Each structure stands twice: as C-alpha cells, then as structure tokens.
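Subject: Structure for you to look at

Hello,

Here is the structure I said I would pass on. Please open it beside this email and follow along.

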Amino acid sequence: MNKSKSKHKHPFTNPQALNKKHFPESEAITLPCQPEPPSSPEQHSDPVSPHITAKTPRLWTTQTANDQISSRHMPLDKTVIRTVIEVNQDFAKSPQAFGEQNEIWQVHVNTKENIVTMYFRNCRGLKTSIRLGNGKLCQTEIRFTPSSCIYGHNGRVLTVSEFHDAVGVAINRLLPLLRDPHEWYHLLPGSSSESRAYWDAIEIIQHIEDHDGNILASFKNASWRNAITRVWPTGVKIGGRNSERQFCIYEKAQEMYAKRNLTESECNELRNILRLEVRLKGKALIEALDDQSSIGIIDGNRRIVRFSPELLIRAHRACFNLPRGVFFENPLGTQSLKCGMAEHMGLYLAQICIQSNGASNFVGLLNSLCHYAKVTANMKSRIKRSALDCLTRHHNIASAEFFAKLACQKQPQMLIPSIEDKVRRSEDDIFRNDAIELNYRSTQETKFIPHATIPSYMIQ
Amino acid sequence: MNKNANLKSMNPHNAPLHRIRELWIKANLKVHPIFQENPSDFIRNNRLKVVHHSSQSRYSYDQSISSTNEEITQSIHLVKHGAIQLFIHTSENGCFIKQIKINPSLLTGNSKRFWLPVTSLRHIVEIAEKYISPLLADSRDSEAILPRELPDKILQSEWSVIDFEVLIPGVLLPHLHHLSHPATVAIQGATGKRVELVSENKELIIRFKNEQNAMMPDKDQSLIAGTRIRVILKGNMLHRHIDELFGDSKNHRFQNLTLRDILRLHHSIMNGMKGIYIPCPAKWINCADQLEAKILAILSHITDVTLEQHLTDYLAIKTPSRSTRKRFVKEVKISNSQLSSIPVANLFTLESYGIHKADLIDEVIENSPLTPFTGQHDNL
C-alpha cells in the first residue's frame with residue numbers, strides 16, 4: 001500500500017474507514033459482550049452495557065483513558081487458543097478456493113483427519129487448525145504469537161496497547177473464516193459470556209541484561225523438584241518436554257541467529273539479552289493464573305479466559321521462585337542443622353559449580369557422581385539440599401530484586417529494524433472493539449504517560 | 001596400554017551390535033496412472049500390502065502472479081506401519097514417488113526393540129523393491145527404485161538420509177564425560193539419560209542414549225544394557241562424509257552403498273568424538289564405602305582441578321583431625337588409582353564394528369540381478 005493511500009485511510013484523518021471490510025459504516029453493529037468482573041474501583045464507576053458498539057479508532061496523539069495502560073508490558077510470547085467456531089460455508093466446501101480469495105498464504109488439508117491448517121499472508125505468528133466435522137461447529141486451535149504478528153519477530157516485549165493491536169490483527173485475519181463475523185468473540189477468550197474460546201497454553205517472558213553470563217551460569221545450577229534439567233552453552237531448560245510447567249532461560253539473540261532471523265553483527269549487538277521464559281499449560285496454567293477474573297467455565301471445565309499484565313507478571317515471578325539454587329534466600333531459613341559428610345560434600349560441589357562459572361552444572365555433576373559412588377537416595381537428597389543452600393547463599397541477588405517492578409518496566413528489548421521495517425499495518429488491518437481492551441487491561445492505575453509516537457508497525 | 005586390551009577389560013561383553021534405523025531414498029518415480037486416479041481401488045485390485053494411506057494437500061497462493069500452487073502429498077505405509085513409507089507428491093506435472101523411507105528392523109523383524117544383525121543391505125532393499133514395484137507406472141522403472149548407476153539421470157535415485165545405530169554393551173552413558181564433536185555445535189539435552197549433538201544445519205545428529213533392555217534376536221530374546229549411539233547423516237553432510245571417506249570413487253560408492261560402507265561412515269564420525277570414558281571400577285560396584293574418597297577421585301578426572309587441589313579444598317571445609325586427614329588422603333589416592341580413563345573415540349575401533357566379520361556380505365547392488373524375492377519374507 002502506498003503512503004498517500006494509507007494517509008487517506010488513516011483513522012486520524014478518516015475515522016469512518018475503521019473496519020470497513022467487515023463492518024460497513026451503514027450497518028448499525030451491536031455485539032454481545034460481557035464485561036470482565038470489576039477488579040478495580042475505576043471499573044465500578046464505568047458500567048459497560050452488555051451490548052457495545054464497534055470501537056472508535058485509536059487516536060495515537062490524543063490522550064485517552066486507555067493510554068494509561070499503554071506503558072505496561074504484556075509479557076507474552078507464544079500462546080495457544082482453543083475454541084469452537086461455526087465456519088463459513090464457502091470455507092467448509094472448499095478450503096483451497098477460500099484461501100485463494102482471502103488473505104491466506106498457505107492451506108494444508110489433511111484428508112484423513114479432516115484438519116485444515118492455515119498460514120496467513122503478512123502475518124507471522126498466526127497459525128490456525130480447524131477440524132472440519134459433519135456438524136456446524138468445528139474445533140479450532142489458534143497458535144498466536146502477538147509480537148510476531150505486529151513486529152515480524154518475537155524478540156520484543158509488547159506493551160498492552162501493542163498486544164491489543166496484535167489481537168486486532170489476528171482477529172481481522174480470522175474473521176472471514178466465521179459464518180457470522182459478528183461472532184468474532186469466539187476467537188478471543190473472555191471477550192463475551194458466549195465465547196467458547198480459552199487460553200490453552202501461554203509463555204510468559206521477561207528480558208534481563210546478563211553482561212558477564214553470571215545469571216545464566218546461576219540458572220545452570222538450578223534445581224526444581226525432580227524435573228529434568230537440560231543445559232546448553234547458551235541456555236537452560238528445566239522441566240521435560242511434556243511437562244506442564246517448563247522453564248527456559250536462554251540467550252534470545254543466539255536462538256534467533258540459529259534460526260537465521262538475525263545476522264551475526266545483530267546477534268553480537270544483542271547477545272547480552274537473557275530471556276527468562278516460563279511455559280505453562282494444563283493445570284499449571286490454571287494454577288499460575290488463578291484469579292477471580294481470569295477463570296471461566298467452558299464446557300464444564302475451569303479455563304483461563306482473560307488476564308491482565310499484572311497477573312502475568314505475578315505468575316512469572318511465582319514460577320521463577322520455584323527453582324532453587326539461583327537467587328539469594330535467607331540463610332537462617334535454609335541452612336541445614338546437620339553437619340555430616342553429605343553436608344560437607346554438598347558445600348564442596350556447590351563451590352566447584354560456582355568456580356566453574358557454568359561449565360559444570362550442579363544437577364548433572366551430582367547425578368554423575370552418584371552413579372559411580374552408589375550414593376543412597378537419602379544421602380543424595382542431603383547432598384543436594386546442602387549444595388542448594390550454599391548456592392542460594394552465594395548469590396547476592398534476591399528474586400524480589402531480580403523481578404522488581406523497575407526491572408520489569410525497564411527490561412531490554414530486541415529491536416531488529418531489518419525485520420520490523422517489513423511489517424506495516426494500516427488501521428484497516430486491525431480489528432478494534434472495546435471488549436478487547438476491557439478484558440486485557442491493567443488492573444492498576446498508573447501514572448499517565450501519553451502515547452506520543454505512532455508504533456513503527458503503523459503506516460504513518 | 002593396548003587399546004583393544006583396554007577395551008576388553010572395560011567391556012566384559014565386548015560385542016557391539018549395530019542396526020540400520022532408517023534409510024531414506026530420494027527418488028523421482030512416476031506412479032501408476034490408475035493409482036493416481038483412484039488409490040483405494042488400485043490398492044485393493046493389486047492386493048498391495050498397504051497398512052496406512054493418508055494425504056495432505058498444500059495450496060500456496062502467489063498474489064503477484066495471481067496463481068495457486070497445489071501440491072498433494074500422500075503417505076503410504078507398506079508391509080507394516082513404518083516398515084516402508086512412501087511419500088508421493090502430486091502436482092501439475094504428475095504423480096511421483098519423491099521419498100522412500102525404509103526401516104529394516106520393522107521390515108525383517110517383529111519389533112523396533114530388536115537388535116537384528118543386518119548382514120546384507122541388499123537383502124533389505126530387495127524386499128523393499130518387491131513391494132514398491134507394483135505401484136510404478138512403468139515396470140522398467142523398478143530398476144531406479146534403489147540408488148544405483150543408471151544412464152537416465154532423471155530417474156536416478158540417491159540416498160538422502162542414513163540413520164545408523166550402534167549399541168555398546170556394558171558402557172553406560174553416565175560414564176561418558178565432556179562429549180563433543182568438531183562437526184556439531186554443542187551438547188543438547190544433557191539429561192543423564194540422553195545426550196544429543198547436532199550440527200548447525202542439523203544434517204548431522206549424534207545421539208547417545210542409555211539402553212536398559214535391548215532385546216537380542218536370539219531364541220531366549222535376552223536383554224542387555226549399554227549405550228546406543230545413533231548417527232543420522234543427511235543431505236550435504238552425507239555427501240561430504242562419503243567424499244572424505246571414499247575419495248575418487250565417491251559417486252560410484254554413493255550409488256552402490258553397502259552395509260560395510262555404512263559401518264565405516266559411523267566409525268569415521270565416531271572417530272572424531274571428543275570426551276573421556278571412565279568406567280566404574282569393579283571394586284566399586286556394590287560397595288558403598290569411602291564415598292567421599294571416591295567422589296574426590298572422580299572429580300579429579302572430570303574437572304580441570306588436580307586431585308591435590310581437590311583434597312586441599314575439601315579438607316578446608318571438612319577440617320578433620322590429623323589422623324583422619326591422613327587416612328582420608330590415603331583412601332582418596334587408592335580410589336584414584338582404581339580409576340582409569342580412555343578417550344571416547346577409542347571405544348569405536350574398526351574391529352568393534354565387526355567390519356571384517358565373515359558374515360558381513362559386502363554386496364554391490366549394481367551387479368545383483370533383479371530376481372523376484374522368494375525368501376522367508378515372502379509371506380509378509
């Protein structure tokens with residue numbers, strides 16, 4: 001799209017252009033929507049009718065109440081939404097012909113399973129699989145990476161308003177698949193009481209700067225229950241592949257370089273950024289995001305239907321408090337009372353791991369030694385406890401400081417112009433509705449920070 | 001010390017087993033037109049041993065030239081699920097078998113767990129050939145199912161993936177330390193049960209895995225424990241290794257690969273392995289005494305710190321009495337003397353692969369007449 005055309009269509013100059021594609025301005029659109037249970041005083045004083053109209057376009061340079069939350073981060077990476085939708089008849093008849101007419105890049109049809117998988121044009125980070133059945137309703141899985149949707153890569157930590165835009169882009173792409181576009185709320189969990197969608201898996205992230213590699217080295221010695229710890233030179237994974245809670249701590253730039261998303265020079269520039277990621281699904285997801293407003297009952301099961309940035313950050317902190325041997329803990333609370341051979345050995349092994357600066361990881365070393373020396377389970381557990389106590393005492397940073405509010409707000413981001421410059425969105429590309437902002441907003445009042453600049457992905 | 005003598009003392013069984021996990025052939029064979037029109041009828045009428053048939057269509061839309069590319073990929077499993085798998089691509093140009101995957105263990109044995117001593121690659125490929133031939137449009141094309149030198153370059157098939165595995169009985173994964181390979185990036189998934197080394201382009205994968213219950217194909221179906229070392233070679237990396245190994249005769253050898261060649265490939269890759277193997281001394285097995293001394297002795301072998309330094313540092317924490325200290329130092333020295341280590345590469349000698357065994361048939365496919373297979377597998 002050329003610049004002059006986009007200027008004309010930009011809502012700032014032409015607000016009527018909003019969602020022209022799916023909601024012509026002549027139609028009076030009313031959409032059913034249930035507001036989230038009020039969780040802040042602000043919400044109590046702002047009653048929302050159960051039927052709301054399509055939202056007016058965002059005025060980037062104007063101060064609005066919604067901009068109050070725009071400074072907060074929505075620290076999400078990959079997510080999975082499950083839902084049941086009534087598909088467009090044209091799509092059900094011929095997915096391939098439908099793909100040709102719409103913004104679909106590739107359609108894969110698995111005839112045996114009757115599953116149609118779609119990838120969308122100009123929209124990385126969105127993949128949809130629909131199981132076509134005999135009935136009207138079709139089970140649908142939406143794999144959605146908000147950051148990739150609007151920036152073309154997942155190295156950014158999105159603000160809340162950017163997350164809303166990403167959701168808007170995804171819904172805009174998926175709307176043609178629906179029999180009735182007014183039922184868009186089946187695509188986004190929590191957007192209506194009638195919505196059948198829920199969050200099935202979520203990755204919560206935080207970036208920190210790790211200049212000397214000490215933080216990564218500390219995580220290499222981490223231990224959480226009996227979870228498998230896998231160690232790479234540039235990362236650590238705690239928890240197995242099928243585990244409902246998995247911790248991934250890795251140098252993001254290295255990972256992107258391996259996937260050829262970064263050049264060598266870009267990788268060297270960004271190599272200090274360490275990503276702390278927790279991957280949640282199933283019961284662990286519900287446990288981590290359990291909150292009055294976030295849980296909904298879908299088909300008789302408790303499911304996550306909405307979240308706020310504060311809830312995600314709280315879940316991230318709670319999860320990262322689980323592994324031991326990384327952060328400083330109160331010595332009085334953790335020190336073993338016994339002082340036998342196991343305790344001495346634990347201390348000594350911890351000392352070796354600290355001195356090796358990540359070259360030897362504690363869990364691997366202990367397993368290896370126990371294999372030779374026929375250490376009993378009780379002895380092994382005492383050695384482990386003693387070593388982890390020593391490791392926690394050694395670190396001079398507490399998890400409370402590590403995951404402090406300031407650290408969260410000032411976290412480094414990966415700005416990759418070579419990728420981001422290729423993504424440009426017009427207001428037509430983004431589906432807007434108050435229900436999106438209402439259900440995925442900050443629960444705390446924050447200091448007003450005006451959204452003075454237009455995001456790089458918007459056509460200016 | 002003599003390398004083989006050392007190995008024998010460390011590995012009481014000293015009988016490595018090998019098996020081909022998977023063989024992938026890149027082909028370009030036209031499929032029978034009736035199959036193209038109606039696969040299920042063709043399968044039924046020709047009584048083909050098809051156990052699974054599925055298809056996936058892929059449509060990609062090129063807006064710049066307003067065209068749609070349609071590609072249908074069919075997957076067919078013959079004989080058993082996973083024994084022979086064919087990938088058939090249908091496009092505007094027609095219907096072609098593009099990839100053939102063969103699992104010899106499933107094709108000739110009953111279970112994936114069997115360590116069947118494959119002595120002849122030709123034996124396996126002939127069985128595969130027998131089942132694939134009826135699907136082809138032209139019966140003369142059956143010559144091109146397996147990689148061999150043919151005058152027609154369009155039809156010529158070639159090996160695309162070789163997935164080969166060796167089991168070393170008695171050698172346990174926790175006894176292998178600091179594993180690395182010059183062709184791979186770093187250790188992946190070092191869990192204690194499994195270690196994976198992967199090259200940057202993922203064309204070489206070396207996977208070490210603990211095997212507790214490897215089933216022998218003997219009458220008793222006895223179980224043995226050890227470490228499985230699986231090497232997966234693909235694409236350019238496969239070509240490069242064959243080039244390095246066979247030099248001038250590369251093309252000829254690549255087309256006419258034998259089991260002996262595959263064993264040599266595995267050997268040449270494992271020969272470059274870095275790391276050390278420290279077996280558990282016989283005296284330590286079932287003996288839970290002198291834990292600290294044993295741990296310090298092991299630590300001196302697997303870390304960069306010397307034994308003396310370990311002793312000094314540990315005693316600084318423990319602060320024992322003079323007599324205890326003296327006794328402890330003595331115990332550590334004894335434990336250390338009981339340990340021995342060898343480079344991991346030394347575990348993989350040509351002899352240990354059984355390359356010179358008499359029962360290993362060094363067959364050449366090009367010379368084999370394409371006779372119908374009438375062996376014991378006819379009833380499969």
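This is a predicted model: local features need pLDDT of at least 70, side-chain atom pairs count only at pLDDT 80 or more; totals for chains, interfaces and linings use all residues.

The interface

Chain A and chain B are in contact through 39 residues of chain A and 47 residues of chain B. Together they bury about 3,800 Å², and 62% of that area lies on carbon and sulfur atoms. There are zero salt bridges between chain B and chain A. Six residue pairs are in polar contact across the interface, both residues being at pLDDT 80 or more. On the side of chain B that touches chain A, two or more residues come from each of strand S2 (50–62), strand S8 (187–188), helix H9 (291–302) and helix H10 (307–318). The most come from S2(B), which gives 11 residues. By type, that side of chain B has 22 nonpolar, 18 polar and seven charged residues.

S2(B) also pairs with strand S4 (residues 104–110) of chain A, in the antiparallel sense and over five bridges. In this pairing, A:Gln106 has B:Ser60 as its bridge partner.

Two positive phi angles

A:Lys374 is not a glycine, yet its phi is positive, near 50 degrees. A:Lys374 sits in the loop between helix H14 (362–373) and helix H15 (377–394) of chain A. Its relative accessibility is 32%, so A:Lys374 counts as partly exposed.

B:Gln290, also a residue other than glycine, has a positive phi near 50 degrees. The loop that holds B:Gln290 runs between strand S12 (274–277) and H9 of chain B. B:Gln290 is partly exposed because its relative accessible area is 38%.

Regards

Note on methods: Residues are numbered from 1 along each chain as its sequence is written. Chains are lettered from A and ligands numbered from 1 in the order in which they are written. Side-chain values use heavy atoms; hydrogens and water are left out. Contact means heavy atoms within 4.5 Å. Buried area is the accessible area (1.4 Å probe) that two parts lose on being put together, summed over both. A salt bridge is a side-chain nitrogen of Lys or Arg within 4 Å of a carboxyl oxygen of Asp or Glu. A polar contact is a pair of N or O atoms within 3.5 Å; within protein, one must be able to donate a hydrogen and the other to accept it, and residues adjacent in sequence count only if both atoms are side-chain atoms. Helices (H or I, at least four residues) and strands (E, at least two) are DSSP runs, numbered from the N terminus. Ala, Val, Leu, Ile, Met, Phe, Trp, Tyr, Cys and Pro count as nonpolar, Asp, Glu, Lys and Arg as charged, and the others, Gly among them, as polar. Two strands pair if DSSP finds at least two bridges between them. Buried means under 20% relative accessible area, exposed over 50%, partly exposed in between (1.4 Å probe, protein chains only).
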